[in-house]
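Here is a quick walk through a protein model, starting with its sheet and ending with a loop residue. Have a look at the fold before reading on.

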Amino acid sequence: MALITCQNAAFGYEGNTVVSGLQFEVHSGDYLCVVGENGSGKSTLIKGLLQLKAPQSGKVFMGDGLGLNEIGYLPQQTAAQKDFPASAYEVVLSGRLGARGIRPFYSPRDKAIAEENIKRLDISSLRNRCYRELSGGQQQRVLLARALCATKKVLLLDEPVAGLDPVVTQELYRLIESINRETGLTVIMVSHDLQSAVKYASHILHLKNTQLFFGKTSDYLISKVGQIFIGGERNA
Ligand SMILES: Nc1ncnc2c1ncn2[C@@H]1O[C@H](COP(=O)(O)OP(=O)(O)OP(=O)(O)O)[C@@H](O)[C@H]1O
């Protein structure tokens, strides 16, 4: 059974539809990249998957025992988040807030999970540094560790490389791919970067206010949509 299913869903704001015809499934271990131009509805879909937004029509549902609090989410960074006055360790540990529920303190297990992800993302040397003093790439690693603390099942990333230089961008992509490959964690990532999407993702969802393509990356590459967009970028 699929972890997430979109059944002919449409989303919008105050009666205006911004993305429709969404028909896809995400299975355990998939690495899905959601691509499309500015304003094509990618972030709106992410809000729908997180159930922050109800579909105007159609359905979105979770299966395979997936709970909403088992999705680790790395949102698009805002200026306010970049200025967060806490240590890198505190930011990572706060990924356990959803699991902590009404318990007043973090448990030894919460702290062990934070340690595990600090090690996994190789950020031990940053743990006591103030988050807002870190570079963009370091901040994204900390936020990725935070999102991993929240989940063993699904990681939802909205443009995780926005504003990073090409070297740090490729490092982050490789890291996300190795987490997907080594742990089987399902990854759903919004990206503007088609070349990297087809390099790393197992599946592509291409939006342009409607669903232009959904399927395996290998099929996308030989599809009409894939040929137009990938060809277009290569010729640009
Ligand atoms: N809160 C909102 N209220 C009304 N319209 C909105 C709201 N948020 C987004 N929109 C509109 O919905 C459309 C899709 O926006 P969305 O942010 O989902 O696109 P996107 O593909 O994620 O774009 P980008 O790549 O620029 O982040 C746009 O036309 C946008 O102006």
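Let's begin with the sheet: six strands line up as S5-S6-S7-S3-S8-S9, making an open sheet with mixed pairing. The edges belong to strand S5 and strand S9, and each of these has a single partner strand, so one side of each goes without a neighbour in the sheet. Ignoring direction, neighbouring strands here are turned by 10 degrees against each other on average. Keep in mind that this is a predicted model.

As a reminder, sheet strands pair through backbone hydrogen bonds, in either a parallel or an antiparallel way.

| Element | Residues |
|---|---|
| Strand S5 | 71-74 |
| Strand S9 | 211-216 |
| Helix H1 | 42-49 |

H1 also matters for the ligand shell: which element gives the most residues to it? That is H1 itself, with three residues. The residues around the ligand are Tyr 13, Val 18, Gly 36, Asn 38, Gly 39, Ser 40, Gly 41, Lys 42, Ser 43 and Thr 44. Sorted by class, the shell has seven polar residues, two nonpolar ones and one charged.

Now for the whole chain. In total, the protein has ten helices and nine strands. Its C-alpha trace spans about 50 × 40 × 35 Å along the principal axes. The radius of gyration is 18 Å, which agrees with the value near 18 Å for a compact globule of 236 residues. Of those 236 residues, 37% are buried. Looking at contacts between residues at least 6 apart in sequence, 68% join residues at least 24 apart.

Finally, a stop in the loop between helix H5 (108-120) and helix H6 (136-149), where Asp 122 is found. Is Asp 122 buried or exposed? It counts as exposed, because it has 11 C-beta neighbours inside 10 Å, and the cut-off for exposed is 12 or fewer. Asp 122 and Val 142 are 20 residues apart in sequence, with their C-alpha atoms 9.6 Å apart in space.

Note on methods:
Residues numbered from 1 in each chain as written. Predicted model: local features only at pLDDT ≥ 70, side-chain atom pairs only at ≥ 80, totals over all residues. Near = placed C-beta within 6 Å. Helix = DSSP H or I, 4+ residues; strand = E, 2+ residues; numbered from the N terminus. Nonpolar A, V, L, I, M, F, W, Y, C, P; charged D, E, K, R; others polar. Pairing = 2+ DSSP bridges. Axes fitted to C-alpha atoms, helices over the stretch in contact; angles between N-to-C directions. Rg over C-alpha atoms; globule rule 2.2 N^0.38 Å. Buried ≥ 20, exposed ≤ 12 C-beta atoms within 10 Å, placed from the backbone. Contact = placed C-beta atoms within 7 Å.
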